[in-house]
Amino acid sequence: MTGPGSPDVVVVGAGIIGLSIAWQAAAAGIHVTVVDPDRGRGSSWAAAGMLAPVAEAHFGEEALAALNVAAVRAWPGYAARLEVASGMPVHFRADGTLLVAGDPSDRAATDRVLAFHQAIGLEAVRLSSSSCRRAEPLLAPGISGGVDLPDDHQVDNRSTVLALISACEAAGVMFLSDVVTRVAVTAGRVRGVDLATGGRHTAGAVVVAAGSWSERIEGLPGSARPPVRPVRGVTVRLQAGDGVPRLQRTVRALVHGRTCYLVPRNDGGLVLGATMEERGFDLSVPLGGLADLFEDARKVVPALGEYSVVETTPGLRPGSPDNGPIVGRTGVPGLLVATGHFRNGVLLAPLTADEVVAMLVAGPQGGDPRSGPFSAFRPDRFMPGAERSGPERSGPVRTGTPG
Ligand SMILES: Cc1cc2nc3c(=O)[nH]c(=O)nc-3n(C[C@H](O)[C@H](O)[C@H](O)COP(=O)(O)OP(=O)(O)OC[C@H]3O[C@@H](n4cnc5c(N)ncnc54)[C@H](O)[C@@H]3O)c2cc1C
């Protein structure tokens, strides 16, 4: 497609990141086309929807923690705007999270998490076992206490994805059910994308937001190829039947050093997660990881045994070398990337969209803001010889639970 009516921007990928960008870009008056063969059904569909700046903060990831804190503050306004634009509920809940310890050695680990959070100025309060059980009566009597994380919230990620699609349509975004086979770059500038069904879709700007697949798209020059890898996770959707007691708020747990979380939905549904494995693009669901999850979760919330299993959902978290997102311009004018959101893509979607849309509005000559929430998460931090302005690169100590 060429000439008048050609889209100004093509977004590759309709996960929560691509959809958020498309909606906000269209709202800013930009003509947007989104290409995806299966919109909304990637990692964003598998996620649990935790908005967890605190529980997802790890030792050695202070820059990411600061970004996450900024992101959770954006969510109440974002959820309200999205509900108005789409006419659909997204079920944002600001009722905090309990991090609980299964045994005394887990308690030592939750205390370290507490100390880290307090050191970087995040709110976290140590709770005794009985205080935990007062806050959440379904917790097992044997737990060894925990931490109240009042700033960790949740949203129904699937409702959000569906609302985003609706808001995009209302704002005039065009959807193509197709696969981008190549990003077209000629004479050092992006020209559009080539499609599996044939033909080229021309565009003045292309945003690669294809999650774990972003690195695989042909045509991206080495300098613009985001180093993402798939990290498989499986969530389990459970449902409480009539008369079955319901969890009141999100619970994360450490159980003999292993992690799990339980995220209750308003309708009696509950998301149990998550496994974390590096198996390439394999979306199978191994029994072993699920068995561990069920065992650990029932130790913390015994009533879980009365819930019904509705669905097991594998997804591929787009992981980056330093666990931080990769957002911004590349060395190719008009070509931007927004990927690598790993465990925090739902949380970071609103801020990512703000950042990318500001760049689209400014145009190719706009330059990258070198301050602001994403300044440590630019694509060029992975360029050979790049100055190390980004976040910490070497193995942060894992203390939280994988989202
Ligand atoms: C088990 C699990 C639990 C999680 N829990 C949380 C959580 O509680 N909170 C949180 O914040 N984050 C969570 N995450 C992480 C979050 O899901 C991701 O960071 C986020 O969904 C990434 O969004 P995305 O749009 O980049 O990718 P995706 O949602 O994977 O979307 C990428 C899209 O690109 C499309 N695509 C790929 N290649 C092409 C191509 N060539 N052409 C066109 N389209 C293409 C795909 O079809 C797909 O729809 C979780 C992830 C998993 C797996």
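The model is predicted: local features require pLDDT of at least 70, side-chain atom pairs count only at pLDDT 80 or more, and totals for chains, interfaces and linings use all residues. Residues are numbered from 1 along each chain as its sequence is written, and side-chain values use heavy atoms, with hydrogens and water left out. The structure holds four aromatic pairs, and 37 residues surround the ligand. The protein buries 96% of the 1,000 Å² that the ligand exposes when taken alone.

**Aromatic pairs and cluster**

- Rings of Phe, Tyr and Trp (its six-membered ring) pair if their centres lie within 6.5 Å; planes under 30 degrees apart count as stacked, over 60 as edge-to-face and the rest as tilted.
- Four such pairs are present; in one of them, Trp75 and Tyr78 have ring centres 5.1 Å apart and planes at 75°, so this pair is edge-to-face.
- Both Trp75 and Tyr78 belong to helix H3 (residues 62–86), where three residues, about one turn of the helix, separate them; helices (H or I, at least four residues) and strands (E, at least two) are DSSP runs, numbered from the N terminus.
- Trp75 counts as buried because its relative accessibility is 0%, and Tyr78 is buried at a relative accessible area of 1%; buried means under 20% relative accessible area, exposed over 50%, and partly exposed in between (1.4 Å probe, protein chains only).
- The aromatic pair of Trp213 and Phe281 is tilted, with 6.0 Å from centre to centre and 40° between the planes.
- This pair links distant parts of the chain, 68 residues apart: Trp213 is in the loop between strand S12 (205–208) and strand S13 (229–239), whereas Phe281 is in the loop between strand S16 (269–273) and helix H7 (287–300).
- Trp213 counts as partly exposed at 36% relative accessibility, as does Phe281 at 30%.
- One aromatic cluster is formed by Trp23, Trp75, Tyr78 and Phe92.

**Charges over rings**

- A charge sits over a ring if NZ of Lys or CZ of Arg is within 6 Å of the ring centre and within 35 degrees of the ring normal.
- Arg41 places its charged end over the ring of Trp45, 3.8 Å from the ring centre.
- Arg216 has its charged end over the ring of Phe281, 3.9 Å from the ring centre; Phe281 is also the partner of Trp213 in the tilted pair.

- A nitrogen atom of the ligand lies 2.8 Å from a polar backbone atom of Met50.
- The protein buries 96% of the 1,000 Å² exposed by the ligand alone; accessible areas come from the Shrake-Rupley method with a 1.4 Å probe, and for residues only the protein chains shown count as cover.
- Two or more residues of the shell come from each of helix H1 (16–27), helix H2 (43–46), S13, strand S17 (308–319) and helix H8 (345–362).

**Backbone geometry**

- The peptide bond from Gly273 to Ala274 is cis, with omega near -20°, and Ala274 is found in the loop between S16 and H7.
- Ala187, although not a glycine, has a positive phi of about 50°; Ala187 is in the loop between strand S9 (180–186) and strand S10 (189–195) and is exposed, with a relative accessible area of 79%.
- His256, also not a glycine, has a positive phi of about 50° and lies in the loop between strand S14 (250–255) and strand S15 (258–264).

- The C-alpha atoms of Pro333 and Ala135, 198 residues apart along the chain, are separated by 53 Å; Pro333 counts as partly exposed at 34% relative accessibility.

Definitions and conventions. Near = heavy atom within 4 Å. Polar contact = N/O pair within 3.5 Å; in protein donor to acceptor, adjacent residues only side chain to side chain.
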